[in-house]
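Colleague: Can we go through this one together? I am new to reading such models.

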Amino acid sequence: PYRVLGVGRSSSQADIKKAYKRLAREWHPDKNKDPGAEDKFIQISKAYEILSNEEKRANFDRYGDAGESQGFSQQQHRQFHRFHDGFYFDESFFHFPFNSERRDTSDEKYLLHFSHYINEIVPDSFKKPYLIKITSDWCFSCIHIEPVWKEVAQELEALGAGIGVVHAGYERRLAHHLGAHSTPTLLGLINGKITFFHNAVVRENLRQFVENLLPGNLVEKITDKNYISFLSDWRKDNKPHVLLFDHMPVVPLLYKLTAFAYRDYLSFGYVYVGLRGTEELSSQYNINVYTPTMMIFKEHIDRPADVVQAREMKKQLIDDFLSQNKFLMVARLTSQRLFQELCPVKKSHRQRKHCVVLFTGEGEKFAEAYESFLTFAVANTKDTLKFVHVYSDRQPEFADALLMDEEKYHGRSAVVILERRNNAGKIAYKALEEAWQGSKEDNFILLDLLDQLRTDPGLLSSETVVADLNDELAPMFLIRWFYSTLDYISDCWDSLFHSNWREMMPLLSLLFSALFILFGTVIVQAFSDSSDTRDTPPSGKDETAAKTEKNDASFSKESNSRIPKKGFVEVTELTDINYTSNLVRLRPGHMNVVLILSNSTKTPLLQKFALEVYTFTGSSSLHFSFLSLDKHREWLEYLLEFAQDAAPIPNQYDKHFLERDYTGYVLALNGHKKYFCLFKPHRSGDEGGTLGSCKDYDSSQHAENRGKSSSSPGSRSIKNKLHKLSFWMERLLEGSLQRFYIPSWPALD
């Protein structure tokens, strides 16, 4: 630890802490992109953990180890030395692999870190299952299972499973993320889902645990009765089909793991050659019953497209065999992912890859054209040339983009040669002049075009941009929802019955809280209903008085008393004479509520304004004024520019500047703190109203009012502009309105 932190043995805690902070900043994985930064950061943290603890540091200085059991007293140490002076003990006799530095290094290549787990292991779990062990220092049970773990890890890794080891002492975040609260803990990871191992740690149980992680429908059992239907499903699945012939009664784990890894590309079947009912199948394909045989079938089910035989099927052999046969000879483009794999984007002039696409339909009408195209593809397929087909009615946008919706192709097959230029959908292509009928003449024309394409890439003269292909084989939403629900229920069931209470506590807490609230609400409602039947309903007059009393009490803190002291509302006009006293030098805590009106709307708006604010006239901190829009429009426009979030006013005056109707707007001005709140008029026809929210300035209202004279609306429509102004005043006194600050008050000319 001294060497890791770069300090001496006599360094103080302050020096150690300073060195740790410097190195931690330098080697933190989020800032240092060096591949070994994470391991270096762990070493730095471990070294600081030892040296920052006086007891661990003393143990390390005395015995070269920070372990707690090493820290026995000096007296015991001296007694031990005196005891063994006449005896010789081999140091290896007392060697225990507690500390990670002394443990078997076979786990080092499997060590996982949090970022590595999230970015690589979880995505890779969709291709193979992982068996993960969580361990730590000073773990006796970890030592006990070590031989079994080492044997099973080597065996499963050779079969294609993933292995991982998490050291809880160094990777506490990852251990907590996995839900491991004790060591040792064994768990499985597949498709991003974690499953805990709860049985005895023996070889058979661990193998069975990994096998149970895999879906049950990966491999289909094949006999003489169903092999024809299985191999004929290539049209529906759009996949080659693989048959493994072996003399084992159960499907080998190696084959199941392979089927899981290639399940998106291939369908797998297993034939137990020692079983009655497989004789016809074995003789049909001339199978050697003593040697495991793997066959892959594509468009022709009477003969395999490729075969491999070996006395011992190894993972590498199977991977090489299957990776060369992942697609049909003329695969159907059923998704964008398949299109990108079969027709990759051109990377350079030397790596050009072209696709020959047959646009066809379903049914016997198009069978002859398809068979002719398939025969041509088998004879001419190369690494740089792929043959595919598309059902035009299932991919209409793709077909229309390349065939230009020409009449000569309607109801007939067509062939297009294309090259993908980029991932954005740009394609260079050339279509055959006439529809594809599969005749010899069509074959000669297509072959001649392909020969010209080798020497003249400019032959693909047309370009277009196509949208992503539809995913024809994607499951329906209800099916996906059903399977997701089943997975969630199985997770809860597994957690509930395997004592994983720490993970279940949030769910149980939420469940019991919901039940408590539900039953509590029912009980309270029952008692309230019974009391309502016994009580006499109050009269409307009493109820109104009670509501008024409640409202008055709720706002007593804001304005001391809102009981009107006069029988009228005093509203003064804001002019250049009283502008300074009524706004600029307004006392702290006081606000001036200003109504915007015009000469034509003055009388009805003032009447409605007085009715809406009458209940607030008892507050000594509120003053009420009105501003003439005809005289001071520029002053108002300047103020509204600071309310851009609520009132998107154009930066430049447009031709409708003088027609914009601001009558009915109300501004609450705080002269001391230099801010204002904005009330927008209520729009007729808006039943819900806006409660005068100053957050939503509706610029569309100006468009509605353009061209209309301010005197054209009736008295009722003008008064409706101030509808629900009283609610806005309530929010003003609560302090819940948005405030728009300005640097200084403009002059009122």
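**A loop residue, a core and an arginine**

Modeller: Met313 is found in the loop between β9 (306-309) and α14 (315-323); helices (H or I, at least four residues) and strands (E, at least two) are DSSP runs, numbered from the N terminus. This is a predicted model, where local features need pLDDT of at least 70, side-chain atom pairs count only at pLDDT 80 or more, and totals for chains, interfaces and linings use all residues. Residues are numbered from 1 along each chain as its sequence is written, and side-chain values use heavy atoms, with hydrogens and water left out.

Colleague: Is Met313 buried or exposed?

Modeller: Met313 counts as buried because its relative accessibility is 15%. Buried means under 20% relative accessible area, exposed over 50%, partly exposed in between (1.4 Å probe, protein chains only).

Colleague: What does Met313 touch?

Modeller: Not counting residues up to four places away in sequence, its contacts (heavy atoms within 4.5 Å) include Leu244, Pro292 and Met294.

Colleague: Which residues have the most contacts inside the largest nonpolar core?

Modeller: Met294, Phe398 and Leu446, in a core of 93 residues. Such a core is a set of buried Ala, Val, Leu, Ile, Met, Phe, Trp, Tyr and Cys residues joined through side-chain atoms within 4.5 Å. Apart from it lies another core of 25 residues, among them Leu597 and Phe624.

Colleague: New topic. Where does Arg420 lie?

Modeller: In strand β13 (residues 414-420). Arg420 is buried but has no salt bridge, that is, a side-chain nitrogen of Lys or Arg within 4 Å of a carboxyl oxygen of Asp or Glu.

Colleague: What does the side chain of Arg420 reach?

Modeller: The backbone oxygen of Cys343, at 2.9 Å.

Definitions and conventions: Lys, Arg positive; Asp, Glu negative; His and termini not counted. Polar contact = N/O pair within 3.5 Å; in protein donor to acceptor, adjacent residues only side chain to side chain.
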